[in-house]
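Please keep the sequence and the structure in view while reading.

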Amino acid sequence: MESTHLGCPHHQHQDPFTRLTEMEFLNVFRLSKSLVCKLLATLDHRELDDDIPVELQVLATLAFLATGQLSSSARLLGTSRWAAIGIVYKVAQVIKICLGQQYLVFPGDEEQTLFREEFYKISLIPGVLACLDGFAVPLCTISGVEVGWSYITRGHSYLGMVVVCGPQQQIIYIIAQERGSSWPMFNESMLRHSLEEDEVEGMIVVLENFPSKPYLLTPAVPTETVEEYFYNHALKQIMIRSAEKTTHSLKTRFPCLKKGMEPLDPSSLPVLVACAILHNLCLKFSCPLPNYSVTPNLGPDHDLGLDGLDPEDFLDQGIYHSPVPCS
């Protein structure tokens, strides 16, 4: 099946749902075909561009999450890079609005009890409700012309992202901010306020640079006793099995969070929220992580806007700087 983009009537696109195998589709768009169909059925199409097929807008956004490059989305859409900015931003916003209240929700009282029980099985520490991790998402400021899709790096900034995780790699709360670091972001959050006011029952395992609080569990530094050693070991098990696994899965599925992304106008923050929501959606429907050992062989005669390349090929072009430390 072929479709013609209205903004570029001479550019033909083959339908990736029929052209790509399941694994190829997963590698390029980071979600399975069936899950993308569920996503399309959930989104409010009225909030998206009327002139472009909604499925193409969603796939272009997923391609951006895979590469961090607007050129990959623009090629798929058959538009300019600047037009792709608005489409990716709008789709990310619609994902946030339509799915946020279902797939990015802090647990209620009953589920909090289950969380504390599961964390106790991991660590033998009572009262642990969640754990927290933070990292920086590089933003690349570029300039250049669209001829040949070539741009010049002019510097970089970053977004701060803090994720609060459950025992099964669920993301139950996120904080995203421009140039933020973990503790200041958490300190200004509604979650911190709720913990201070005892509106949430339980403690959160956090990073070493967090201050000591009754509702925060931080590693004992330095370790002077056997009890402190076993306490630190228990916290480490929680971080490894929950927070680190969660952020690893999140960055593996959406490499833009690790390798960096081009900034969107007016803000790139909705992309971070959309990634967290889609992560939880993938958990619910058991969508596997992409496998980069399988590279789509699309060829020049089967252009999907990605030139037959695995998203990893886009990420290795040396455009983006290494992530900036959160703190």
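Because Arg192 and Glu196 are four residues apart in helix H9 (residues 190-196), about one helical turn separates them. In this predicted model, the two side chains meet in a salt bridge, with a distance of 3.6 Å from N to O. Side chains of opposite charge can pair when their charged atoms come close. Glu196 has a relative accessible area of 35%, and it therefore counts as partly exposed, since this class lies between the buried limit of under 20% and the exposed limit of over 50%.

**Salt bridges**

How many salt bridges does the structure hold? There are three, and the table lists them with their distances.

| Salt bridge | Distance between N and O |
|---|---|
| Asp44 and Arg46 | 3.0 Å |
| Arg81 and Glu262 | 2.8 Å |
| Arg192 and Glu196 | 3.6 Å |

The bridge between Arg81 and Glu262 has its closest N and O atoms 2.8 Å apart. This pair links distant parts of the chain, as its two members are 181 residues apart. Arg81 belongs to helix H6 (residues 81-103), whereas Glu262 lies in the loop between helix H11 (256-259) and helix H12 (269-284).

Are the members of this pair buried or exposed? Arg81 has a relative accessibility of 3% and therefore counts as buried. Glu262 is likewise buried, with a relative accessible area of 3%.

Asp44 and Arg46 form a salt bridge through their side chains, at 3.0 Å from N to O. Here Arg46 has a relative accessibility of 71%, so this residue counts as exposed.

**Helix H2**

Helix H2 spans residues 22-29 and is mostly covered. Of its eight residues, six are buried. Which residues of H2 are these? They are Glu24, Phe25, Leu26, Asn27, Val28 and Phe29. Just after H2 comes Arg30, which takes a positive phi of about 75 degrees.

**A nonpolar surface patch**

On the surface, a nonpolar patch is formed by Val226, Tyr229 and Phe230. Together these residues have about 350 Å² of accessible area. Val226 is part of helix H10, which covers residues 226-253. With a relative accessible area of 54%, Val226 is exposed, because the exposed class begins over 50%.

How values were computed: Residues numbered from 1 in each chain as written. Predicted model: local features only at pLDDT ≥ 70, side-chain atom pairs only at ≥ 80, totals over all residues. Heavy atoms only, no water. Buried < 20%, exposed > 50% of the residue type's maximum accessible area, 1.4 Å probe, protein only. Salt bridge = Lys/Arg side-chain N within 4 Å of Asp/Glu carboxyl O. Patch = residues over 30% accessible without salt bridge, like charges linked within 9 Å, V, L, I, M, F, W, Y side chains within 5 Å. Areas by Shrake-Rupley, 256 points an atom, 1.4 Å probe, with all protein chains shown as cover.
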